[in-house]
Amino acid sequence: MDDVLNYYEDLRLKTIDSNHWCYCEKNRLPYISINNYNHKYDNVFYDITNLSCDLNEISENVRRLYFSYLDFFLIPLLDVECLLDDNYFFNLYVKKEHTEYFAKQLFIYLVNQ
C-alpha cells in the first residue's frame, strides 16, 4: 500500500466506495474513513471489529494516544467532549490540516497492534 488513499476511505469526496470496506474485511485490515465534522475538524473513524484483537485494549490505547494529540496541538476538550464517554473509542476529531496524515498513521498503528 504505497498510495495514501489505500489507507482510508475519504467520505468527504461524497462517494462511498464499498470496495474499500470489502477489501479491508477480506484482508483483515483496519477500516478507516474520514468525513467532515465542522469547519475546524474532520472525523476519523476506524473499525477493527473484523480483526481478532481485544477491542477494549486497542480502544484504550487509541484513547491514550488521542489525548496526547489533543494536548500537543492545544485542542480544547470542549471541542471533543461528545466523544469522550464512548465505550469504544472509534471516532476521533482531528484538525482538518492533520486529517490525511493522522488517518494513515492510525492505520499503520492499528496494523501493528
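**Entry 1: ground rules**

I am working with a predicted model, where local features need pLDDT of at least 70, side-chain atom pairs count only at pLDDT 80 or more, and totals for chains, interfaces and linings use all residues. Residues are numbered from 1 along each chain as its sequence is written, and side-chain values use heavy atoms, with hydrogens and water left out.

**Entry 2: the whole chain**

I looked up the secondary structure and got 4 helices and 4 strands, taken as DSSP runs numbered from the N terminus (helices: H or I, at least four residues; strands: E, at least two). Along the sequence I read the pattern β-α-β-β-α-α-β-α.

Next came size. The C-alpha trace spans about 40 × 30 × 20 Å along its principal axes.

Of the 113 residues, 41% count as buried. My classes are buried (under 20% relative accessible area), exposed (over 50%) and partly exposed (in between), with a 1.4 Å probe and protein chains only.

I also checked contacts, meaning heavy atoms within 4.5 Å. Among those between residues at least 6 apart in sequence, 58% join residues at least 24 apart.

**Entry 3: aromatic pairs**

How many aromatic pairs does a search of the whole structure find? I get 9. Rings of Phe, Tyr and Trp (its six-membered ring) pair if their centres lie within 6.5 Å; planes under 30 degrees apart count as stacked, over 60 as edge-to-face and the rest as tilted.

I opened Trp21 and Tyr31: the ring centres are 4.8 Å apart and the planes stand at 75°, so this pair is edge-to-face. Trp21 sits in helix H1 (residues 18–26) and Tyr31 in strand S2 (residues 31–36), so to speak distant parts of the chain, 10 residues apart. Trp21 is partly exposed at 33% relative accessibility, whereas Tyr31 is buried at 9%.

Then I turned to Tyr37 and Tyr93, which are stacked, with 3.7 Å centre to centre and 20° between the planes. Tyr37 lies in the loop between S2 and strand S3 (41–47) and Tyr93 in strand S4 (residues 91–95), so the pair ties together parts 56 residues apart in sequence. Tyr37 counts as partly exposed at 38% relative accessibility, and Tyr93 as buried at 8%.

I noted a cluster too: ring pairs link Tyr66, Tyr69, Phe72, Phe73, Phe89 and Phe102.

Where is Phe45? I find Phe45 in strand S3, partly exposed with a relative accessible area of 24%. Leaving aside neighbours within four places in sequence, Phe45 is in contact with Tyr31, Ile32, Ser33, Phe90 and Asn91.

Tyr88 lies in the loop between helix H3 (77–80) and S4, and is partly exposed at 37% relative accessible area. Not counting residues up to four places away in sequence, Tyr88 touches Leu55, Asn56 and Ser59. I also took the C-alpha separation of Tyr88 and Asn43, which is 15 Å in space for 45 residues in sequence.
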